[in-house]
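Reader: Hi! I'm new to this one, could you walk me through it?
Author: Happy to, here it is.

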Amino acid sequence: MADTVKCPVCGEDNSAGSEFCQYCQSRIQPLTGNLRGENAPITPGESPTKKSTADLEPILPQWLRDARSSARDATEGDLPQTPQQPQTSPRSAPQDLLAGLRSQSDDDEEETPDWLTNITGGAPSAKKPKEESSNVRWVELGGAKDSAPEPQTNKKDDLNDWMREASGLPQEPAKSEPADSPDWIRQLASDDTRAIFDDSANADNAASDSPQTTSDWLNSLGVSNNAAPVASSDTPDWQNLPSASAPSASADTPDWLKSLDAADSNAQNTSAPETPDWLNTLGATNSGSQNSFETPANTFADAPASSSDTPDWLKSLDAADSNAQNTSAPETPDWLKSLDATDSNAQNTSAAETPDWLNTLGAPSNVAPTASADTPDWLKGLGETPAAPIAEPTPAVDMPSWMSAESAPAAPVAQPQKENDSLGDVPSWLKSAAPQSSIFDDLPAAQPAPAESVENPDWLNTFKSLDPAKSAQVETPPAFESESSADALFTDMPDWLSNSIETPAPSSAPETTSAENELEVSQLPSWVQSMRPVDNGVAQIASAASGETPLEARGALAGLQGVLPAAPNYAPTSKPKAYSLKLQATDEQVSQAGLLEQILAAETSPVPIASFSTLRAWRGLRWSLAFIFFAITFAVLILGTQIFSLPVGIPLEVDGALQAVQSIPQGNPVLVAFDYEPARVAEMEAAAAPVFDQLSLHAPRLTFIATNENSAVLVERFMSTPLMAEHQNSGLQYLNLGYLPGGQMGIRAFAQNPRAAISYDVNFSRAWDSPQLQGVNSFSDFAAFILVTDSADSARAWLEQISSARGAMPVVVISSAQSAPMIQPYYASGQITGLVGGLQGGAIFEQNNNGRPGTARIYWDAYSIGMLIAAALILIGGLWNLFAGSRDRAAAREAK
Amino acid sequence: MRVFTAAIAIAAGVLILGGYFFPPLAAVQTLLLNWAIILAGAATLVGVFNLISVHTSKIRRREKNSAYSALLIIGLVAALGLGIALRPEHQIARVMMDGIIIPAEAALMGLLVVSLLYAAIRLLRRRADVMSIVFLITAALLILGSATLPFGNIPVIDVASRWMTQVLALGGARGIIIGVALGALTTGLRVLFGADRPYGGN
Amino acid sequence: MTIPYLDLITGALSFIFTLLIFSYVIGDNPLFRIGVYIFVGVSAGYIAAIAFWQVLWARLIYPLIDASTSAMDKAFLAVPLLLSVLILMKVSPRLAGLGSVAMAFLVGVGAAVTIAGAVAGTLIPQMLGTINAFDMNAAAAQNINVFEAALNGAFILAGVIFSLSYFHFGAHPQADGSMRRLGFIEIMAWIGRIFIGITLGAIFAGLYSAALTAFIERIHSLINFIGSFL
């Protein structure tokens, strides 16, 4: 029993109980019940198992040998009948690309079964089956219902018309068109043919009296000369292939043909002690022919047009007899000698010398059992019972008619078991040849170990050992290609033959299946299955996966298999161009891709951070710095020391500011713009206080405006400082216009038209009615403009927007030390009159403010100490880190 | 809509520019500028409302540090309420400025003393190129030049730092200022030509 | 009217918030975050209040209700009123698109003002200032040596040119596929890097000076607050 299951799609092995393939997730277990074991249907594309039955040749049944002999007797009588068969265009090449398409191309060829045409050269050469473990079985897809026989209704299947004709059903109109039906089938269904089964003694007479109704292929099996004349337009190719005029012998003759030849030539040297009687009969039929022959290698080429439709192997068989005189005995192989010995009832034929073709010979013989002393009763009934009795339950429509023809007489539904019992000694392969719904339905149960049955010949037991898995892997080489492939001829025989061997249907099948109106797989020939649409063709996929034949998946040929074989003639003459899967990229692209890869890798790779010890060290530095500055500042401010002197000297920009403030006339309006953040309050107030102290001495009419939201309040804060409060107490008045939004837009608006830009002060009083703005109608009416800002951008905005409106008005900028360097160019360009930057600028201004101490003096000691410490730390620490960094970088380079 | 907004921007810009060169357009320029002033003030409120929405959503989602957001909202609402009710110049309202805003901002500014010094010390550890060295030397020199000794300015350093400020730094600062002006000019022209549309619009 | 304890409250708040912020010296901590978040909230609320009173109320609402305002002025205020409503719709994501009209107006006006200011207030004056650095008469008027004035003018000119070269990013493809500036531009940019470094150093020094001033002022306020109780 198989332990693993092979997936029909991907071919991988899966455990036996798997429902889905673990590789491709395809369903392994069909949704519907499968026919398993011996009942398992042959899947489309599967070929009969190639078995070596050469060893079993001697034990062929007598009836087969009788059939051969009767066929030979009827050979000469069949020849004149040849003109009666409608001739068709010659089938020229065996490798017909459309060989498998004939049945579907037009009505004229529909009658030709695919499997017949495939057997001809059109059949694609099969590959060597892949070796499989013995415990692997192929999954049979499609349940019994999938191919269950449909009820015998008016549904007419063109493909099966010829089958119904062959079944001899009177209601089939196709029967009136004998040209459309294969002769061998009609002959099989005819009473004359059945007469062959009735009495082997009458077989020869029946064949001679009505050669046209004799099954040609049976005749050919019997090495009959009647094979060739039956060629017709509807004759399968395999019947037409051998030409009756195949004249010359050749060393290329297949062995099996040689065996036939040998049988005719009655070789004297072989002995077959185990040769069955039928072989003896076979030899007897050839007794008249003293000359062996060899089938020429160019059998197809020499085949006449009239026989072009005859299957090659039949032609070969035919040629075996017709050219018997032309062959030479010395070329007879040894095994033919054994056949000869068989004909002479020699008893010492060795099984090893039995040709392989006999392995498959049993298969066609299943459908053409010759009546003999060993003929089973059911076969006798086959000859006697008319075809009509297979009535209601027999699925004559979808079931091949030839099967119906056989099953009708052989499987009366009323007596299944009785007849089965009477066939206890019937060889299993014959039972397999019987209809699926016949008395052999329960055969598997009756023969649990057929291979070991004492009643069956050994070679028949080999058939029983066949399993679908092996049969699916059998090669189907083109017929008559070579000697070596000659044995494979009969492995190419229709699958229904091998299927019938393997899958005898249960006796109750007709009733049940007809009730279900479905077709069982086991009753459907594989060639029919291969024609089924592809959508139900998981089984076909399985066959395609087996590598036997190509499966057409789309287009008009969808569902067909092997219709476009890869003929050698069309094979590419040169090695196909290899397309590399490697991406074609230039070196630059590769390098760029590598760079991108490095970048991505760098992004995802963890970056080692500095060690915590290092971080702790740097944190210690930060804490140390904080401690130093806190300590020093606290100490200096608490002590209130004024050790450090204020800056000596006066820079030009501070001097310009001082001169500008001192030059403001008494009582003139002065515009002051505040634009700094609360963070700079200390610095800005320290820098602005001496300037406004100096300015207050001139009793200006101060008007404050803020271009920063907080500055409007900072104006109030500044004016509330003790110094400015003192000036206010002295009569200094100011006007706070409040916040002027819009940045440059507001500045431009105010510079363009101050009255239009601002109407109210912060107290919502009319600004222009206040005394501070008396006489001021434009921006240039102010005596001076003082900008207190901590931002270079703010200074730039003011200076840019008032440039066209200021006239000759002096502009003094009080800035933070940070923005002073960026405002310096405006002083250098003359756009501002003076610049006081930061605490240092305020300290300088204080020294020139009549010696009035201010905030800068309070802060200056702490400021100077802090600046000195900072400069020292920057220089020392910078140098130390410069060398340390150089050392680290050098170490890093060395590490790399 | 996008064309409409672009047309508005270009038209307003052209009218403003025309006011610089054509006196009859000066009145129009003033009018438009006053409108822009009001809009700029309203835009300030938009920023504040956005801050409120962001932190309110944080509180609603109970995100990390949502307690701090709650403090922010409380402070904002309180300041806004007091400012609206009493006006910003009121004595009580100024407590917020003098007691919270100025000390906090000044303290943050004061923290830079340690941070800036720490960064300056470590600068050459990580980056020791010409610009860094020149930067650090200039900074140290000007810091030294800003300080005085008990007896007066630091000799040489005083003159050197002043020269650097009034000459070398002036040259660089002027170059930067001109570069900024050129950038502003280019950006403004792109906006007026419709190449840049930072105002959005569908 | 003087409100009692108002200075004490102000001093106490100032003391507390100074300490809260200074606590960052030991690292990020909840006290620091509390101080910062409250400061941001109060600052935003305060600014909103200022914007309301000094912009919307003073420039938009109050003129409309003020009887002294002319009808023409009131009519003209309808436009900024409408635009203000539109720009306030920026708060709502669904209505934000309507604010684009007001934003377009703002951007257009701002662009024009920037252009005019940059040309008239910076570009031309600064170029003239660079040229005037070689004005020997002006140098003599300031008692500056002519040679010194010329040297200073040369340094300033070099600083301007090289600094502008540093910001010149026009590059050309090289033979090896890389993009580089022209050779002489590279040299000028390298020199300009020195000038930029000096300028940034000066700014750093000024920033440090401002920070130190703020630090000293905060320490001084702490001492004063503590001293007020002593």
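What follows is a short chat about a sheet, a core and a helix in this predicted model.

Reader: Let's start with the sheet. What is the order of its strands in chain A?
Author: In this predicted model, the open sheet of 6 strands in chain A runs β6-β5-β4-β7-β8-β9, with parallel pairing.

Reader: Which are the edge strands?
Author: Those are β6 (734-739) and β9 (834-837) of chain A, and each pairs on one side only. From one strand to the next, the twist averages 15 degrees.

Reader: And how many bridges join β4 to β7 in chain A?
Author: There are 6 bridges between β4 (residues 669-675) and β7 (residues 784-789) of chain A, and these two strands run parallel. Across that pairing, F674(A) stands opposite V788(A) in β7(A).

Reader: Nice! Switching topic: which residues have the most contacts inside the largest nonpolar core?
Author: L39(B) and F105(C) do, in a core of 242 residues.

Reader: What is F105(C) in contact with, leaving aside its neighbours within four places in sequence?
Author: From chain B, I8(B), A9(B), A12(B), A36(B) and L39(B) are in contact with F105(C), and L83(C) is too. There is also a second, separate core of 5 residues, including V5(A), C7(A), V9(A) and I28(A).

Reader: Last one, helix α28 of chain A. How many of its 18 residues are buried?
Author: The number is 0, so α28(A) lies largely in the open.

Reader: And what should its 18 residues span, at 1.5 Å a residue?
Author: Helix α28 (residues 587-604) of chain A should span 26 Å, which agrees with its end C-alpha atoms being 25 Å apart.

Definitions and conventions
Residues numbered from 1 in each chain as written. Chains lettered and ligands numbered in written order. Predicted model: local features only at pLDDT ≥ 70, side-chain atom pairs only at ≥ 80, totals over all residues. Pairing = 2+ DSSP bridges. Helix = DSSP H or I, 4+ residues; strand = E, 2+ residues; numbered from the N terminus. Axes fitted to C-alpha atoms, helices over the stretch in contact; angles between N-to-C directions. Core = buried A, V, L, I, M, F, W, Y, C linked by C-beta atoms within 7 Å. Buried ≥ 20, exposed ≤ 12 C-beta atoms within 10 Å, placed from the backbone. Contact = placed C-beta atoms within 7 Å. Expected span 1.5 Å × (residues − 1).
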